[in-house]
Amino acid sequence: MRRSGTLVVIAVLVVAVRPPLRAQDNRWERQVSDQLRRAVASLRGKGVGRPDLTHIGPLNTEESESFPVTLQAGLAYSISGVCDNDCTSLHLGLANTAHNDLAVDHASENFPLLRFTPRETTRYWVKVTMAACQMNPCWYGVAIYRK
Amino acid sequence: MAHGVRVWGAIAMLACGIVAVVYLPPRGGVTAPELRFAPGVPQPTPARLRAQDVAERWRATQAAIRLLESSHPVVRPFSRGRSDGAGPTVIVDGPDSVSSLLRPLLVTSLDTVWHQLGLGETKVAVVVVFEAHRVTVRGFAPVARSSDASYLLPDSGNRTTCGVLIPAGYWITNLLLFRRVEREGQFREWLKGSLGPCAFYAAYGNPGKPVRSWLARRNFDLALYPVWDTPGRPRLWGLEADPARQRWWWDWVYNQSLTAVACLARRPDACRTAVLEGVEGVFDDSVPRVVTLGQWWWKSQRLVAANRYLSDVVREVGHDRFLRFWSSTQPVDTALAAALRMPVGEWTVSWERRFAPLLPLGAAAPLSASVLAVLLAAAAVGSVALTARRRQVR
């Protein structure tokens, strides 16, 4: 009885500390979603399938965010980034678990694209940097595909 | 003793007597003014200052907790706010009966204010929490005495929400009493002022790191009054009630900071210092996220009428130039001067000229003293000339 009471308390706590529910998408988030869809459509013609993972979020100028992704050895991956209409420069990088850069694109302004074929199946880190944003925060989106 | 020497001696004594009567106390001289403007309490002891500091921190922490609680979707779902994103989310913190009465009135008025400020859907959402009842605290914890709003600004943990906590005060009590908005114009001006820095965040997004650090170090004093839609000039406490007279209330002047006083005297260097105080230091994420105003925040500011400074910059330079300054990653002085298209000190001098007469500073002889000195000098020169004319050389 006492144990089931404890479980109830834990369940309530888990529910209480879960991430906030997503509010309705705003205009800038929708811009990014649309751009990601267009990027998927354009890459599909080049033999790329549906994205394995998409990630959308806001960043202020000169801020970065990294998120982990597991890539399979021997498969060719494309990682594309897009951002909202206020963003003028977005940088994308891929690093190993020791945070050594394996691939970077700092030159494609607001449509960076990485191509990478891992030698081993392991966890990598995708790093997104908002290099320039006219009105903070700017929304970015990243999609990871494999051939 | 010759007759002439006696006359000269008498004249000299008479002049000294006149000067003494005019300048020696109690009729003349400089005395320290009685500070009627200051709170009527004895000089605080270190222990009292420490207690006040702790109380101020306690209030700031309590405001932050209440804002976090109130705006968190798990605690209070956003569905209670509006869903189109084109206005602030309004939360009334109080009994349901009070909330259901106040909320429609507040939502309508805030929507009007929102549109007056030219805001629509914004990147940074604003959540306004109205406390519809006084906070009651057991024990000896300091109660939230100030009726000024507190702000919870976006940071790297939540880049898209700015919270405003408005304690119960005159206007909320008024709404509860009359069940409608009395004196709509004044009520909306109060609401607009209460949005404070969150209105800037809504209109221009999150500031660039240099601007954010600069404003945070000075408690956002330059962005407390978002009135860029309203032409007008601040009414200074330091000027006497009749604006036409434009005479300074010296008690008030003596309570201002040195930079504020020097800036009122039209000194560009002082104005620049007053505006740019806080630009030094690193631009990290450690700047305070909560902005609370102390009880006497308006009494002694770095710059007179500082709370509407950035609003007036917006009206002067327009949306696009202000946005470039606000979002800039350049040093604040460079970015602000670029937006103003002139040095910061000079612009600030011209800004103060709009609402404040020149404050005379430094050594200056009063008119009566000058007239007396001229009369004495004329009498001396005249008597010498007269004597010289009568003098005969044998």
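Analyst: Axes here are lines fitted to C-alpha atoms, for helices over the stretch in contact, with angles running from 0 to 180 degrees between N-to-C directions. This is a predicted model, in which local features need pLDDT of at least 70, side-chain atom pairs count only at pLDDT 80 or more, and totals for chains, interfaces and linings use all residues. Residues are numbered from 1 along each chain as its sequence is written, chains are lettered from A and ligands numbered from 1 in the order in which they are written, and side-chain values use heavy atoms, leaving out hydrogens and water.

User: Why are helix 5 and helix 11 of chain B called roughly perpendicular?

Analyst: Helix 5 (residues 184–204) and helix 11 (residues 319–327) of chain B pack at about 105 degrees, with their axes 11 Å apart. Angles under 35 degrees count as roughly parallel, over 145 as roughly antiparallel, 65 to 115 as roughly perpendicular and the rest as oblique, and therefore these two helices of chain B are roughly perpendicular to each other.

User: What makes strand 2 of chain B largely enclosed?

Analyst: Buried means under 20% relative accessible area, exposed over 50% and partly exposed in between, using a 1.4 Å probe and protein chains only. In strand 2 (residues 125–131) of chain B, 6 of the 7 residues are buried, so the rest of the structure largely encloses it.

User: How do you know that strand 2 of chain B pairs with strand 1 and with strand 4 of chain B?

Analyst: Two strands pair if DSSP finds at least two bridges between them. Strand 2 of chain B has 5 bridges to strand 1 (residues 89–93) and 6 to strand 4 (residues 161–166), so by that rule both count as paired, in the parallel sense in each case.

Notes: Helix = DSSP H or I, 4+ residues; strand = E, 2+ residues; numbered from the N terminus.
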